[in-house]
Amino acid sequence: MVITSEFVDIPAGSAPMRMFVAAPKAAGKYPGIVCYSDIFQLTGPMLRLVSRLAGYGFVAAAPEIYHRVEPPGSAIPFDDAGRTRGQDDAAKTPVAHFDEDRRVALDYLAKHPLVAGNQLGAMGNCIGGHLAFRAALELDVRATVCYYATGLHDGKLGQDRDAGSLGRAAEIRGKLLMVFGSADPHVPETGRTEIDRKLSEAKVDYTVKLYPAEHAFMRDEGPRYDSEATDQAFADMIELFRAVFGPRYN
């Protein structure tokens, strides 16, 4: 589908939250998906991923997760200094702020003129995968995709040593897809096993997909990018969202 895109600033806490919003150009009603970035915020790879998702018939909105500590429009470079900066920004952000911003983003989508009623979902990469998991705790989120979610198995998120996200898994009422790379040191096999055990015990409706890839294998810049695994993992997301929401082109 042909899409349109724009940046919008909406009130959220102490500073406006900038979001990249991509949507089908054709008039109609579509599912709305909150899309969470990795620690580098809205970089080229993230904008391309969100735009690609919109082209499949979704209103996709990606917020700047560090809007309280970074100026609007801050895309953090993919280098050592940028990695340190992104990690420091995370360390300055309490989980309560992430949660407040999540509700703001979901409410924005729920009121968007192109979003159908009761058709909200979430997806995210890296720290964004953890944030997407927390979005799945919301009763109005019906489908969630978490790509190599960091900090989920040990609880670490932002400023909080233990956000308790996995311990709240029983609150998830929608469908959940967890995607990992087998060579990801940030979510090792022991961590994946713990996530799987907790989700099973909580009786979550979930699926796990494991690819022979590294951390951040979907970021289409840098040496870890795996185009085949990316396409397969993207197809997994579309399959889940279509199963829950169905295609909406009218």
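Helices (H or I, at least four residues) and strands (E, at least two) are DSSP runs, numbered from the N terminus. The model is predicted, so local features need pLDDT of at least 70 and side-chain atom pairs count only at pLDDT 80 or more, while totals for chains, interfaces and linings use all residues. Residues are numbered from 1 along each chain as its sequence is written, and side-chain values use heavy atoms, with hydrogens and water left out.

Figure 1. In sequence order the pattern is β-β-β-α-β-α-α-β-α-β-β-α-β-α. The radius of gyration, taken over C-alpha atoms, is 16 Å, close to the 18 Å that the globule rule (2.2 Å times the number of residues to the power 0.38) gives for 250 residues, so the chain is as compact as a globular protein of that length. Along the principal axes, the C-alpha atoms fill a box of roughly 45 × 40 × 35 Å. Of the 250 residues, 56% are buried; buried means under 20% relative accessible area, exposed over 50%, and partly exposed in between (1.4 Å probe, protein chains only). Counting contacts (heavy atoms within 4.5 Å) between residues at least 6 apart in sequence, 70% join residues at least 24 apart. The accessible surface is about 10400 Å², and carbon and sulfur atoms account for 51% of that surface. Accessible areas come from the Shrake-Rupley method with a 1.4 Å probe; for residues, only the protein chains shown count as cover.

**Figure 2. Strand β7 (residues 175-181) pairs with β6 and with β8.** Two strands pair if DSSP finds at least two bridges between them. Strand β6 (residues 141-147) runs parallel to β7 and is joined to β7 by five bridges. Tyr 147 has Val 179 of β7 as its bridge partner. Between β7 and β8 (residues 205-211) there are seven bridges, also in the parallel sense. In this pair, Met 178 stands opposite Val 208 of β8. From β7 the chain passes through helix α5 (residues 189-201) to β8 in a right-handed β-α-β crossover; right-handed means that, with the strands pointing away from the viewer, the path from the first strand over the helix to the second runs clockwise. Six of the seven residues of β7 are buried.

**Figure 3. Helix α4 (residues 127-135) is buried along its length.** Nine of its nine residues are buried, so α4 is largely enclosed by the rest of the structure. Among them are Leu 131, Phe 133 and Arg 134.

**Figure 4. Helix α3 (residues 95-111) has 17 residues.** From its first C-alpha to its last, α3 reaches 25 Å, close to the expected 24 Å, where the expected span is 1.5 Å times one less than the number of residues. The buried residues of α3 include Phe 98, Leu 106 and Leu 109, along with Asp 99, Asp 101 and Arg 102.

Figure 5. With 18% relative accessibility, Gly 28 counts as buried. Gly 28 and Leu 176 are 148 residues apart in sequence, and their C-alpha atoms are 26 Å apart in space.
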